[in-house]
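Please walk through the model below with an eye to its aromatic contacts, its strands and its loops.

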Amino acid sequence: MKSILNNSVALLMLMKKALLMIVSLGSSIAMSAQTINFEKDGLKFQTISASTARVTGVATSDLYVDIPAKVEHEGVSYTVNSIGEEAFYYSKITNLTMPETVDSIYRRAFGTTQFTEIKLPSKLVYIGDYAFNSSSIENIDIPASVQYIGNSAFFTARKLKTVKFEGDVKDYQ
């Protein structure tokens, strides 16, 4: 009888350990799924995954902005893969560079901006609705990788003279 009781206690202890491990793992997964907002070198960022982040805004009055390919926050390195909604909307920036890691530009990301030219990354896939509306862009080359250009992406971009398509856009609104 004592042997059965010892085995039962050992089994219960094992089950308790397993349950604690499962709960701990679940908490770790939930914490890694949280988005984190932070600022670095005059730009605002939001994490998208454990290894990627998007630019969500400007936190500088500088006229020249160089978006980094990677940004570090609290010891974690994130690849910058997108420009978020209205990230540069109404910004006074006159010069902007984007890294090759950016594959998406979201709604109104560069709406009503002052810069006259921009080099889009060769791996860009998505240009959202109104992405460059009312911007001062004069010339733009759309890389062959772009599969989608959103509704009114260049709406009222009155200074726009030329748009060069390097490939076939799959979906243009």
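**A loop residue and its surroundings**

Not counting residues up to four places away in sequence, Ser136 touches Thr113, Gln114, Phe115, Thr116 and Lys159, where contact means heavy atoms within 4.5 Å. Ser136 itself belongs to the loop between strand 9 and strand 10; helices (H or I, at least four residues) and strands (E, at least two) are DSSP runs, numbered from the N terminus. With a relative accessible area of 10%, Ser136 is buried. Buried means under 20% relative accessible area, exposed over 50%, and partly exposed in between, with a 1.4 Å probe and protein chains only.

The model is predicted: local features need pLDDT of at least 70, side-chain atom pairs count only at pLDDT 80 or more, and totals for chains, interfaces and linings use all residues. Residues are numbered from 1 along each chain as its sequence is written, and side-chain values use heavy atoms, with hydrogens and water left out.

The protein chain has one helix and 13 strands, in the order α-β-β-β-β-β-β-β-β-β-β-β-β-β from the N terminus on. Of its 173 residues, 34% are buried. Among contacts between residues at least 6 apart in sequence, 28% join residues at least 24 apart. Mean pLDDT, the predictor's confidence in each residue from 0 to 100, is 86 for the protein chain, and 79% of its residues reach 70 or more. Over residues 23-31 pLDDT stays under 50, and the model has zero contacts there beyond four places in sequence. Where pLDDT is low, the predicted coordinates should not be read in detail.

Next come the aromatic rings. Rings of Phe, Tyr and Trp (its six-membered ring) pair if their centres lie within 6.5 Å; planes under 30 degrees apart count as stacked, over 60 as edge-to-face and the rest as tilted. By this rule there are ten aromatic pairs. Phe110 and Phe132 make a stacked pair, because their ring centres are 5.3 Å apart and their planes stand at 20 degrees. This pair links distant parts of the chain, 22 residues apart: Phe110 is in the loop between strand 8 (104-105) and strand 9 (126-127), and Phe132 is in the loop between strand 9 and strand 10 (139-142). Phe110 is buried at a relative accessible area of 0%, and Phe132 is buried at 0% too.

Phe132 also forms a stacked aromatic pair with Phe154, at 5.4 Å centre to centre and 5 degrees between the planes. Phe154 lies in the loop between strand 11 (148-149) and strand 12 (162-165), so its pair with Phe132 ties together parts 22 residues apart in sequence. Phe88, Phe110, Phe115, Phe132 and Phe154 form one aromatic cluster; Phe115 is also among the residues that Ser136 touches.

Phe38 stands opposite Phe45 in strand 2. The hairpin of these strands has two residues between them, and Asp41 takes a positive phi near 50 degrees there.

Finally, Glu166 lies in the loop between strand 12 and strand 13 (171-172). Glu166 counts as partly exposed, because its relative accessibility is 46%. Not counting residues up to four places away in sequence, Glu166 touches Asp141, Ile142, Pro143 and Ala144.

How values were computed: Two strands pair if DSSP finds at least two bridges between them.
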